[in-house]
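Morning, everyone. I have one model to walk through today, so please look at the screen.

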Amino acid sequence: MNTATSERLYKEAEEHIVGGVNSPSRSYRAVGGGAPIFMEKGEGAYFYDVDGNKYIDYLGAYGPIITGHAHPHITQAIQKAAENGVLFGTPTKLENQFAKMLKEAIPSLEKVRFVNSGTEAVMTTIRVARAYTGRDKIIKFSGCYHGHSDLVLVAAGSGPATLGSPDSAGVTKNIASEVITVPFNDSESLKQALETWGEDVAAVLVEPIVGNFGIVEPKAGFLESVNELAHANGSLVIYDEVITAFRFMYGGAQNLLGVTPDMTAMGKIIGGGLPIGAYGGRVDIMEKVAPLGPAYQAGTMAGNPASMNAGIACLEVLQQDGVYEHLDLLGKKLEDGLREIISSHSIPATINRLKGALTLFFTSHKVSNYEEAEQSDGKLFARFFQKMLQQGIHLAPSKYEAWFLTIAHTEKDIDETLLAAKRAFSEMEE
Ligand code: PLP
């Protein structure tokens with residue numbers, strides 16, 4: 001495969017853009033290095049790169065792209081917004097329309113606020129939880145990613161009742177001391193942490209279905225225990241649904257699982273591919289937000305007509321009959337095919353799938369928390385990633401990411417992908 005133009009553009013990018021990428025997850029450092037592929041065009045389930053190569057896309061832009069690239073209904077909505085003016089700095093009726101759609105889909109959102117990214121949405125839910133409870137600390141789960149605001153860039157301490165240490169230079173020890181990290185799917189550790197830090201804990205923050213160390217579902221009863229333990233302690237429960245909202249059904253993971261948080265952060269899919277974030281929850285909590293309450297949060301671009309129109313159009317597409325059934329069907333076909341390949345080779349691998357999202361871990365053990373996901377062999381993944389890429393299958397360049405299906409993928413795409421995966425496994429075994 002000729003990727004000369006990508007290589008040239010990457011060299012140029014390195015001269016002007018730090019690390020040559022505008023988000024570290026786009027770098028190929030975790031998969032052997034080299035130039036990331038520069039895309040020129042996306043259409044449906046496919047990417048076309050600057051050298052004219054075609055790929056089946058399972059990156060889905062790290063989650064937002066669920067309708068396929070350049071879906072005509074969303075494209076028209078963006079065009080319409082562009083013609084009418086993309087930013088007013090005043091309220092528009094689109095914001096009302098979209099807020100109502102979100103509330104109807106996810107009933108725990110009694111009031112919402114639009115922001116510009118998932119990072120902003122999560123960051124603000126934490127501020128609001130602190131304002132509501134008058135407490136400072138939060139509890140999060142190891143391996144869950146909640147954007148790049150200071151507070152959530154904190155790694156686990158050595159035990160459930162240990163305060164975190166900064167995960168990134170520039171995050172102060174003081175900030176890290178506000179965060180307690182416990183293992184996902186481990187109610188006992190959460191209980192211990194709450195017993196230790198009790199009245200200091202404003203909120204427990206969780207991805208209800210994890211998307212950031214692969215797709216990992218909560219064990220039966222885990223989220224119920226999060227609610228019970230947090231509430232008994234006077235702490236709020238915040239769901240980070242930046243990946244999960246509208247990924248598995250029309251609504252949030254909370255609808256699917258039948259559990260209700262106090263506040264929810266969203267992003268990705270709800271922008272139809274344009275920048276967006278939103279947060280919402282119980283009205284008595286949300287009324288702590290300015291201009292009604294003392295917790296300040298604002299945004300020049302927040303609720304802009306282009307993102308609103310794209311988001312509304314995306315949800316309209318997702319309201320159509322059969323959308324999620326199609327994603328589940330294709331997901332199952334992909335999972336079944338990959339399992340067959342795994343069973344006929346000696347390479348250790350396992351799969352976690354929920355509907356149209358899956359992760360292939362290079363470990364023979366089941367993965368239900370971050371520590372288990374870490375066991376996935378990064379070197380094997382890197383080889384698999386490169387072999388798939390060479391055959392025109394575009395995965396995310398990290399062993400921790402999910403494969404995201406879109407409604408534009410077809411059974412033929414899955415067949416092609418499985419053929420490529422079979423070849424990759426056979427070559428890796430040699
Ligand atoms: N929360 C979760 C669960 C995410 O996966 C991400 C991004 O990957 C974020 C928050 C941050 O969102 P954004 O990249 O839009 O700031």
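This is a predicted model: local features need pLDDT of at least 70, side-chain atom pairs count only at pLDDT 80 or more; totals for chains, interfaces and linings use all residues.

β1 and β2, residues 46-49, run antiparallel and are joined by four bridges. At the other end of the pairing, Glu43 has Tyr46 of β2 as its bridge partner. The two strands form a hairpin, with two residues between them. Gly44 sits in that turn, and its phi is positive, about 60°.

Next hairpin. β2 and β3 have four residues between them. The turn holds Gly52, again with a positive phi, about 90°.

What about the faces of β2? Phe47 and Asp49 make up the covered face. Tyr46 and Tyr48 are on the uncovered one.

Zoom out to the sheet. It is open, it has four strands, and the order is β1-β2-β3-β15. The pairing is mixed. Which strands stand at the edges? β1, 39-43, and β15, 393-394. Each has a single partner strand, so one side of each is left without a neighbour in the sheet.

Back to Gly52 for a moment. Asn2 comes within 8.7 Å of Gly52, C-alpha to C-alpha, although the two are 50 residues apart in sequence. Asn2 belongs to the segment before α1, which covers 4-16. Is Asn2 buried or exposed? Exposed: it has 10 C-beta neighbours inside 10 Å.

Follow the chain out of β3. The loop between β3, 54-57, and α2, 72-84, contains Tyr62. Phi of Tyr62 is positive, near 65°, and this is not a glycine. Tyr62 is buried, because 20 other C-beta atoms lie within 10 Å and 20 is the number needed. Ala70 lies in the loop between β3 and α2 as well. Its phi is also positive for a non-glycine residue, near 50°. Ala70, though, counts as partly exposed, with 15 C-beta neighbours inside 10 Å.

Now a parallel pairing. β5, residues 137-141, and β8 run parallel, with four bridges between them. Phe141 has Val182 of β8 as its bridge partner. In β8, residues 179-182, Val179 and Thr181 point one way. Ile180 and Val182 point the other way. All four of these are buried.

One backbone item to check. The peptide bond from Ala290 to Pro291 is cis, with omega near 10°. Where is Pro291? In the loop between α9, 283-286, and α10, 305-318.

Last stop: a helix pair. The axes of α11, residues 323-343, and α14, residues 411-429, come within 10 Å. They cross at roughly 20°. Anything under 35 degrees counts as roughly parallel, so that is what we call α11 and α14. The crossing is right-handed. Who makes the contact? From α11, it is Leu330, Lys333, Leu334, Gly337, Leu338 and Ile341. From α14, it is Glu411, Ile414, Thr417, Leu418, Ala421, Lys422 and Phe425. By class, that gives eight nonpolar, two polar and three charged residues.

That's my tour. Comments, please.

Definitions and conventions: Residues are numbered from 1 along each chain as its sequence is written. Axes are lines fitted to C-alpha atoms, for helices over the stretch in contact, and angles run from 0 to 180 degrees between N-to-C directions. Angles under 35 degrees count as roughly parallel, over 145 as roughly antiparallel, 65 to 115 as roughly perpendicular and the rest as oblique. A crossing is left-handed if the near helix is turned anticlockwise from the far one by less than a right angle, and right-handed if clockwise. Two residues are in contact if their C-beta atoms, placed from the backbone, lie within 7 Å. Ala, Val, Leu, Ile, Met, Phe, Trp, Tyr, Cys and Pro count as nonpolar, Asp, Glu, Lys and Arg as charged, and the others, Gly among them, as polar. A residue is buried if 20 or more other C-beta atoms lie within 10 Å of its own, exposed if 12 or fewer, and partly exposed in between; C-beta atoms are placed from the backbone. Two strands pair if DSSP finds at least two bridges between them.
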